[in-house]
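Please keep the sequence and the three-dimensional view at hand while reading.

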Amino acid sequence: MTRLRKLGAVATATASAYGSVLFLHSSLVSAGDNGGGSPLEALRKKVHDPGAVVPAREAQQSALKAAGKSNPLDVLVIGGGATGSGTALDAVTRGLRVGLVEREDFASGTSSRSTKLLHGGVRYLEKAVFNLDYGQFKLVLHALEERKQVIENAPHLCHALPCMTPCFSWFEVVYYWMGLKMYDLVAGRQLLHLSRYYSTKESVELFPTLARVVNDRSLRGTVVYYDGQMNDARLNVGLACTAALAGAAVLNHAEVVSLLKDDDGKRIIGARIRDNLTGKEFDTYAKVIVNAGGPFCDSIRKMANKNAQEMISPSSGVHIILPDYYSPEGMGLIVPKTKDGRVVFMLPWLGRTVAGTTDSSTSITYLPEPHEDEIQFILDAISDYLNVKVRRVDVLSAWSGIRPLALDPTAKNTESISRDHVVWEDYPGLVTITGGKWTTYRRRCC
Ligand SMILES: Cc1cc2nc3c(=O)[nH]c(=O)nc-3n(C[C@H](O)[C@H](O)[C@H](O)COP(=O)(O)OP(=O)(O)OC[C@H]3O[C@@H](n4cnc5c(N)ncnc54)[C@H](O)[C@@H]3O)c2cc1C
């Protein structure tokens, strides 16, 4: 138990001294980016002022309405998820005039429905090695850099989390140990903590609900490695609020219902926005519109060109919340290969256990719902590995999120679609940013 407490202490070292939810992108914004140190310094002071207050809704809406044809915003961002809020923050801290509109609330989409891991993607590294795929390798490398940076930027919302990989043969011990050592190696200076092997006795001490025998195979030990864990919803709201404090006009419950074109119809120059609280509509103009609508980005692209080819291949992922006793505080469990070859996680989350996820093709809906077979799939996948009875009645809540995977026309299933992001201007004045992981939001926003 002492070892568990030590690991837990590392994992929960969340720099509780940070009371504020506000932060600036530390490495992507440098003094040079906006032509000198002092404006950035002034911005930092403003954002870090404990008495700073985000301007009221009326002020945000007035700023958007005031952006007319003759004095357009530099950038209008559609969508207040990780991508849109990150883009707005990056743009405003570079000295641009920025607007951000979100149909529902910040993080109401995919960005609050994730597994909450800041990760490089161990399984993508596996694919990179076996397929000799340099593209996948670069994805992992960049994500590992971002994992560390995001934890440093928002230590009050993110921390390192140990994850245990159970091994049921000596081959698995060697295989996972080598793979996770490679993961450490690729992280290089961005490493959170070194992975290591634990014997069966040590492992069950660390994870008391872990089964010692699975399908007649005895546990040979576990390999514990580290990734990051974040509070995705709060991180997202923090980005939007920081963008607002830095001067962006940021409005939730504000839906883009159509795009405005110039007189020749050749360029997008603004958007018609409906305030979903009052039902009233108004126009905002901008030199560039960034479409960060996540799974809905095709519907926004079709406002510019109704014949636009769809680029999103939606895939749904379900998570369930289970009671705290399913997993110990400060230690996650990763099942690297379920019966159908998928990865399933069980992680401590706000005093409970979050388990997931699934990956199945879906249609795009406003409020995706978890299906019973998806919930059952997760329960089945974890039950083999636990010595407690996994019961349907223990599911305290469940939700579903839609991955905005950017379509590769040659891919046969969603598993093989690249998790990288895509930046695409298919109509002058309208740039779409989609795909990618939460972990790497800063890369696609700058
Ligand atoms: C099940 C699951 C698990 C995941 N786990 C992880 C993980 O552990 N780690 C990780 O790094 N990544 C993870 N991801 C990926 C990550 O969550 C997404 O890449 C990220 O959240 C996408 O953010 P986004 O801003 O592009 O989309 P969204 O968060 O969906 O934001 C798009 C926003 O646009 C708004 N919008 C749409 N249309 C309009 C309009 N017309 N007007 C105004 N607003 C509009 C929507 O309301 C929405 O809020 C996971 C994804 C899923 C589905």
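Within strand β16, Val-354 is the bridge partner of Leu-347. The structure is a predicted model, and its protein chain contains 12 helices and 20 strands.

**Strand β16 and its partners**

- Strand β15 (residues 344–349) pairs with β16 through 5 bridges, and the two strands are antiparallel.
- The hairpin of β15 and β16 has 2 residues between the strands, and Leu-350 has a positive phi near 50° there.
- Strand β13 (residues 312–322) is also antiparallel to β16, with 4 bridges joining the two.
- In this pairing, Ala-355 of β16 stands opposite Ile-320.
- Strand β16 (residues 352–356) is largely enclosed by the rest of the structure, because 4 of its 5 residues are buried.

**Around the loops beside these strands**

- The peptide bond between Gly-356 and Thr-357 is cis, with omega about 10°.
- Most peptide bonds, by contrast, are trans.
- Thr-357 belongs to the loop between β16 and β17 (360–361).
- Val-343 lies in the loop between β14 (332–335) and β15.
- Although Val-343 and Thr-357 are 14 residues apart along the chain, their C-alpha atoms are separated by 7.6 Å.
- Val-343 counts as partly exposed because it has 17 C-beta neighbours inside 10 Å.
- When neighbours within four places in sequence are left aside, the contacts of Val-343 are Arg-123, Ile-334, Val-335 and Pro-336.

**The chain and its largest nonpolar core**

- The protein chain has 446 residues, of which 48% are buried.
- Of the contacts between residues at least 6 apart in sequence, 74% join residues at least 24 apart.
- The largest nonpolar core has 109 residues, and those touching the most other members are Ile-78, Ala-88, Val-98, Ala-243 and Ala-248.
- Helix α9 (residues 232–245) contributes 8 residues to this core, the most of any element.
- The core lies between domain 1 (22–111 + 233–310 + 419–445) and domain 2 (159–230 + 313–408), because both domains give residues to it.

**The shell around the ligand**

- The ligand is surrounded by 40 residues, and the closest are Gly-79, Gly-81, Gly-109, Gly-294 and Gly-317.
- Strand β18 supplies the largest share, with 4 residues.
- By class, the shell comprises 20 polar, 12 nonpolar and 8 charged residues.
- Domain 1 and domain 2 each provide at least three residues of the shell.

**Residues with a positive phi**

- Most residues other than glycine have a negative phi.
- Lys-116 is not a glycine, yet it has a positive phi of about 70°.
- Lys-116 is located in the loop between β2 (98–101) and β3 (117–118).
- Is Lys-116 buried or exposed? Lys-116 counts as buried, because 24 C-beta neighbours lie inside 10 Å.
- His-253 is likewise not a glycine and has a positive phi, here about 50°.
- His-253 is part of the loop between β9 (249–251) and β10.
- With 17 C-beta neighbours inside 10 Å, His-253 is classed as partly exposed.

**Arg-267 and a contact across the sequence**

- Arg-267 is situated in the loop between β10 and β11 (268–275).
- Because Arg-267 has 15 C-beta neighbours inside 10 Å, it counts as partly exposed.
- How far apart are Arg-267 and Gly-429 in sequence and in space? They are 162 residues apart in sequence, while their C-alpha atoms are 5.6 Å apart.
- Not counting residues up to four places away in sequence, Arg-267 touches Lys-261, Asp-262, Pro-428 and Gly-429.

Note on methods:
Residues numbered from 1 in each chain as written. Predicted model: local features only at pLDDT ≥ 70, side-chain atom pairs only at ≥ 80, totals over all residues. Core = buried A, V, L, I, M, F, W, Y, C linked by C-beta atoms within 7 Å. Buried ≥ 20, exposed ≤ 12 C-beta atoms within 10 Å, placed from the backbone. Domains from an automatic or database assignment. Near = placed C-beta within 6 Å. Nonpolar A, V, L, I, M, F, W, Y, C, P; charged D, E, K, R; others polar. Pairing = 2+ DSSP bridges. Contact = placed C-beta atoms within 7 Å.
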